[in-house]
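The stops below go in a set order, each with something to select.

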Amino acid sequence: MRTADLTGLPEGIPEALHDEGIEELYPPQDEAVEAGLTDGESLVAAVPTASGKTLVAELAMLSSVARGGKALYIVPLRALASEKKAEFERWEEYGIDVGVSTGNYESSGEWLSSRDIIVATSEKVDSLVRNNAAWMDQLSCVVADEVHLVNDRHRGPTLEVTLAKLRQLNPSLQVVALSATVGNAGEVADWLDASLVHSDWRPIDLKMGVHYGNAITFDDGSQREVPVGKGDRQTPALVADALEGDGDDDQGSSLVFVNSRRNAESAARRMAGVTEQYITGDERSELAELAAEIRDVSDTETSEDLAKAVAKGAAFHHAGLASEHRTLVEDAFRDRLIKCICATPTLAAGVNTPSRRVVVRDWQRYDGDYGGMKPLDVLEVHQMMGRAGRPGLDPYGEAVLLSKDADSRDELFERYIWADAEDVHSKLAAEPALRTHLLATVASGFAHTREGLLEFLDQTLYATQTDDPGRLEQVTDRVLDYLEVNGFIEFEDQTIRATPVGHTVSRLYLDPMSAAEIIDGLRWAADHRTEKLRALEGETTSTSRSAESEPDTTAGFQRASDMVAAAGDEEGGDSAGDDSDFESDRTYPTTLGLYHLVCRTPDMYQLYLKSGDRDTYTELCYEREPEFLGRVPSEYEDVAFEDWLSALKTARLLEDWSDEVDEDRITERYGVGPGDIRGKVETAEWLLGAAERLASELDLESVYAVREAKMRVQYGVNEELLDLAGVRGVGRKRARRLYEAGVESRADLREAGKSRILAALRGRRKTAENILEAAGRKDPSMDEIDESDAPDDAVPDDTGFETAKERSDQQASLGDFE
DNA sequence: ACTGTGTTCTTCTAGACAGCATGTC
DNA sequence: CTAGAAGAACACAGT
């Protein structure tokens, strides 16, 4: 079918498609339209990546909007949300408004109700449903991208439940599910009452093969000679070969998939030696600029290593990178500046980065539960291989697996090249999944009885797949029991109701188990407050940081210790008995205690204990025993002790971060990348926010301590900098510099001498002006201000509460400010 | 003394969603 | 039982 003949789309769109060069629909797209895609019919499209799935989605959404509806596009990753948004925004000139909603980003401007197309992650959609977002019932079309993720143990159930809820809200909803080619796409289609388009067609040919000896053998029987130099260097040979091209061909980029971060980094280092020989003079200087940008992102070893590789035209890519790093690398690869990326599976599922050649170097990955190296799923390998072939650049894409002997070559053909992808299976019956979703289902009124819940669950993929409905019932009963025991729901005859806390937990998007842990911890703290404060007071260890000085901080910001008197006659303080008048300047619970509390929650992904860590953190555990909220498990008897230590390690990372320890040092100390720090901090921020909310709802005096802990991770600063760091344009480093220069608060920013401020900001006039403006200064202009006019006493020594060591720590961390 | 090469031993392991509420003198 | 690569540490031979 020709795009010009499409009907039911908003005016001008068929012509616009034509102008984009899309004159004819691809066969699978054609099939989709035949199946009623533009008439509001539901559809499951199981087709390879890059075979025009997005257009299928667009046709459905646009026609739905043309009929006066509203469309939702569900993505699995935040990064994909912004990618899709950018793509859909080209319809804005035809009157289509696009909005995004993810945890960390929401479209500016009008509220989402006014948008025609909304892009969101599945969790965000779930959350919006829980919070009864106003526009939910206006939806007429929902697109679920990468629907095969229902197979995912952790995140699959969310997608599944969310789709079920959306369909229950609007039974005539058009559901368009986009999936990779999976074994049982038909089952998914049955579940969604949708027709199925199943196809292996792709616009660019994909040749899959195995490299063994001195040649690649492809699935079409052809061979390509790729001699390997001595020393078993298959990957470099393949990367070099792709760059040689076929003469008239364009230089070919390569994507190399490996199974660990370390392997990605070391492979990139080696590939840099190859790509280096194929870059032109112009490219070299562009790459040098890019390398400088990368160094700018973060001042860590990871960043430095990446910059070094990039300068030579190669890069690595994994979740330890800061997201800015990832974007820089992905963009430069798409612009053909970077010739080779060595990546962990992040890249296979992430944003679109097509490549001439894909090398799947490692097809096994360590799996602790499995007990060794586990072969990757066919689906996963297919997704990696599907990245081969750049539209408009390559005549075909090549995906190559590596083997060292003839046997494994045959095995690889068998296992991955000739094989169909596995079936997807709902993971909904797992207890952790049901814990959250049953509570949410009750709390947001989708069901009020046990039978109602089971009826609702009957609309999920799990129900269409299972032949043992009893199992779901069993787990449901166990979970309901758990939820009742923990006070999140209550039974009244046959009806189930969410308690007020239950409602809050559901809306906060917490795993009920996390909420229970947090509530227990905070209550425990209330009960043991005096006793623990005494213990802490008796100590003179180096941990007394939070016991200092007057808070000259934000208005309305109260110390927990200020609350003691007020709390004296309240419930929370009572259990401490007659001791409630115990005086202390110390904040309780401490930040470490709170960080540990949220770190041992199932919503936090903990750091691994490496060799030696066990001893280090066991020692730390005894040292700071009074700070922990709840009983400390026994080192010798408790199996949970390991986990508890991992949580402690994670909590320590957060403590370092909020003690202004330099990023570089943190990455080194904990063996993580800059991206990991950001991730942990973000999660902690969210969980502490939730804890704050719970504490205030349960009338626990620890709200203020929790709030302080949250703000300190959020900005990554000590308490005295909280006010400054709240100013836009002032981060942890600038805040510390300003403070050291005697500018200690937002008010000081408005009043202090400009030359002093300018000097503290290293003479950056523009940033100084922006900051002053953000702080609300009337005359932010830095014209004619000379930083050298700053008075000599620019660094008043009023930070006496710090130990000498901490101080030098901080200064070391500031030395590299830039 | 320095350097290159081979051998053994230790170490370590992918990814990433979510709340809330907006600001100022 | 259901791992294997990287890199450090070490040993040794050649110059």
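Two strands count as paired if DSSP finds at least two bridges between them. Helices (H or I, at least four residues) and strands (E, at least two) are DSSP runs, numbered from the N terminus. This is a predicted model, in which local features need pLDDT of at least 70 and side-chain atom pairs count only at pLDDT 80 or more, while totals for chains, interfaces and linings use all residues. Residues are numbered from 1 along each chain as its sequence is written, and side-chain values use heavy atoms, with hydrogens and water left out.

**Stop 1: the open sheet**

Select residues 205-212 and 396-402, which are strands β9 and β18. These two strands run parallel and share seven bridges. Within the pair, L206 sits opposite G397 of β18.

Now widen the selection to the whole sheet. Eight strands make up this open sheet, in the order β11-β10-β9-β18-β15-β12-β14-β13, and the pairing is mixed.

**Stop 2: a hairpin**

Go to β19 (residues 489-492) and β20 (residues 495-498), an antiparallel pair with four bridges. I489 has A498 in β20 as its bridge partner. Two residues lie between the strands of this hairpin, and D493 has a positive phi near 55 degrees.

**Stop 3: two backbone exceptions**

Most residues other than glycine have a negative phi, and most peptide bonds are trans. Select D193, in the loop between α7 (185-191) and β8 (195-198). Its phi is positive, near 50 degrees. Then move to P589, in the loop between α23 (571-574) and α24 (591-599). The peptide bond from Y588 to P589 is cis, with omega near -5 degrees.

**Stop 4: a salt bridge**

A salt bridge here is a side-chain nitrogen of Lys or Arg within 4 Å of a carboxyl oxygen of Asp or Glu. The count by this rule is 52. Show the side chains of R450 and E473, which form a salt bridge at 3.1 Å, N to O. This pair links distant parts of the chain, 23 residues apart: R450 belongs to helix α17 (residues 450-457) and E473 to helix α19 (residues 469-485).

Technical notes: Chains lettered and ligands numbered in written order.
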